[in-house]
Amino acid sequence: KRSFESTVNGNIYGATKDIETPAAQHRLRFPIRTSTRRPTINCADEPLAAAKRGHKAHLGIPEIGIDKHWSGGPDDGGSTNSSEIEQPIDIESLRVIGQADKKFIVCREARGPWLVAVDQHAADERIRLELSYSLLSSALAAVSSLGPDQPITMVDGICVLFPPVAVAMSRHNAAALLDLQDRLRLLGLQISASEASGCGPSAPAPETVDVRLLCAPSVIAPRLRGSGQGAGRFAKEMLLSIAGWCADHPGALYLQMQGDEEHAFGDAWPRLIGVPRIFLETLKSISCRGAVKFNEQLSRNECQDMIARLAKCTFPMFCAHGR
């Protein structure tokens with residue numbers, strides 16, 4: 001097989017017949033190199049540079065200047081120069097080329113020679129998640145401003161579940177949830193309880209209480225609708241998780257974060273600092289399921305719209321799962 005090589009920011013990419021050494025395998029990877037220093041073209045030094053690397057020189061292929069920020073691979077004694085400051089890719093400056101393999105949106109940077117491949121599923125997932133965060137934060141802020149006699153269903157973003165989601169719970173758990181009514185209200189939830197009744201072999205145990213979930217935030221409602229037992233199982237899991245969270249943190253509901261992440265999250269969605277983690281994990285799951293999948297065709301206009309919306313996100317460089 002014909003071999004070729006080029007150097008981008010000090011990273012050598014090659015394709016050869018046999019790849020055996022760890023160093024050679026490392027050079028085949030394509031790390032994202034984001035630096036304030038843009039590469040310069042240096043055609044004259046290509047044969048010399050290739051000879052120094054022990055490779056066969058290919059005339060006519062320009063050498064891209066080596067970035068001092070990175071040199072060599074992990075097996076070559078590579079080092080990092082702290083004088084260079086890495087900056088994230090400016091998503092707003094990306095110019096969409098088109099969709100690749102029905103999986104990625106390929107873009108180029110307006111200020112440089114870089115090609116950027118954006119995972120279409122992860123991008124749409126992030127967009128949907130942050131929209132859900134904003135809607136939930138706004139709804140909970142409105143709920144907190146209501147008077148004690150005002151129903152939470154008058155708030156945009158809080159919906160009535162019809163029919164209510166019924167969950168069979170022990171008397172102990174039902175009593176614990178009823179004691180948390182005021183805190184559940186601040187989360188956009190409303191419940192009621194009644195004694196379970198029935199007869200025959202399928203009747204609930206005498207100590208069982210029917211807890212009905214009457215209202216919930218609209219962004220979480222998709223997990224509480226539908227036929228079958230899935231909605232009931234999720235409602236029970238959510239209510240018990242919230243009860244446990246309140247018991248562990250009796251002073252306040254809060255999301256444990258540290259440093260800059262907490263400040264950025266709190267600035268964007270201040271009300272979500274005070275919600276149990278199961279709320280956020282549920283929104284991540286809903287966003288993932290509803291997002292564009294691999295092998296879905298996107299037009300160029302749809303690609304451009306997705307990149308524009310991604311650029312407005314608070315954490316555009318991370319998927320909904322934190323990767």
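Predicted model: local features only at pLDDT ≥ 70, side-chain atom pairs only at ≥ 80, totals over all residues.
**Entry 1: a pair in helix H3**

I began with Glu 130, which forms a salt bridge with Arg 126; the closest N and O atoms are 2.9 Å apart.

**Entry 2: a second pair in H3**

I next looked up Arg 128 and Asp 124, whose side chains meet in a salt bridge at 3.1 Å, N to O. These residues, too, both belong to helix H3 and stand four residues apart, about one turn of the helix. Are the two partners buried or exposed? Arg 128 counts as partly exposed because its relative accessibility is 38%. Asp 124 has a relative accessibility of 5%, so I noted it as buried.

**Entry 3: a pair in helix H9**

I moved to helix H9, residues 300-311, where Arg 309 and Asp 305 are four residues apart and therefore separated by about one helical turn. Their side chains meet in a salt bridge of 3.0 Å, N to O. Arg 309, at 34% relative accessibility, counts as partly exposed. Asp 305 counts as partly exposed as well, at 39%. I asked how many salt bridges the structure holds. The count is five.

**Entry 4: the length and start of H3**

I checked the span of helix H3, which runs over residues 120-144. At 1.5 Å a residue, its 25 residues should span 36 Å, and the end C-alpha atoms are 36 Å apart, so the two values agree. At the start of H3, I found a side-chain oxygen of Asp 119 within 2.9 Å of the backbone nitrogen of His 121.

**Entry 5: Gln 120**

Gln 120 lies in helix H3. Its relative accessibility is 0%, so Gln 120 counts as buried. Which backbone oxygen does the side chain of Gln 120 reach? I found that of Lys 102, at 3.1 Å. I also listed the contacts of Gln 120, leaving aside its neighbours within four places in sequence. Among them are Gln 99, Lys 103, Phe 104 and Ile 105, and also Val 292, Phe 294, Leu 298 and Met 306.

**Entry 6: strands E8 and E9**

I looked up how E8 and E9 are arranged, and they pair in the antiparallel sense over five bridges. The two strands form a hairpin with five residues between them. For Ile 105, I found that the bridge partner in E9 is Val 118. Which side chains of E9 are buried? Along this strand, residues 115-119, the side chains alternate.

**Entry 7: the loop between E7 and E8**

I then examined the loop between strand E7 (94-100) and strand E8 (104-109), which contains Asp 101. Phi of Asp 101 is near 60°, a positive value in a residue other than glycine. Asp 101 counts as exposed because its relative accessibility is 57%. Lys 102 lies in the loop between E7 and E8 as well. Its phi, near 55°, is again positive in a residue other than glycine. With a relative accessible area of 37%, Lys 102 is partly exposed. I noted the reason for recording these angles: most residues other than glycine have a negative phi, and most peptide bonds are trans.

Where does Pro 163 lie? Its place is in strand E10, residues 158-170.

**Entry 8: cysteines**

Finally, I searched the whole structure for disulfides and found zero. Cys 288 is in no disulfide, and the nearest cysteine sulfur, that of Cys 319, is 8.3 Å away. A disulfide would need the sulfur atoms within 2.5 Å. Cys 288 is partly exposed, with a relative accessible area of 23%. Cys 246, at 4% relative accessibility, counts as buried, the cut-off being under 20%.

Methods:
Residues numbered from 1 in each chain as written. Heavy atoms only, no water. Expected span 1.5 Å × (residues − 1). Polar contact = N/O pair within 3.5 Å; in protein donor to acceptor, adjacent residues only side chain to side chain. Buried < 20%, exposed > 50% of the residue type's maximum accessible area, 1.4 Å probe, protein only. Salt bridge = Lys/Arg side-chain N within 4 Å of Asp/Glu carboxyl O. Pairing = 2+ DSSP bridges. Contact = heavy atoms within 4.5 Å.
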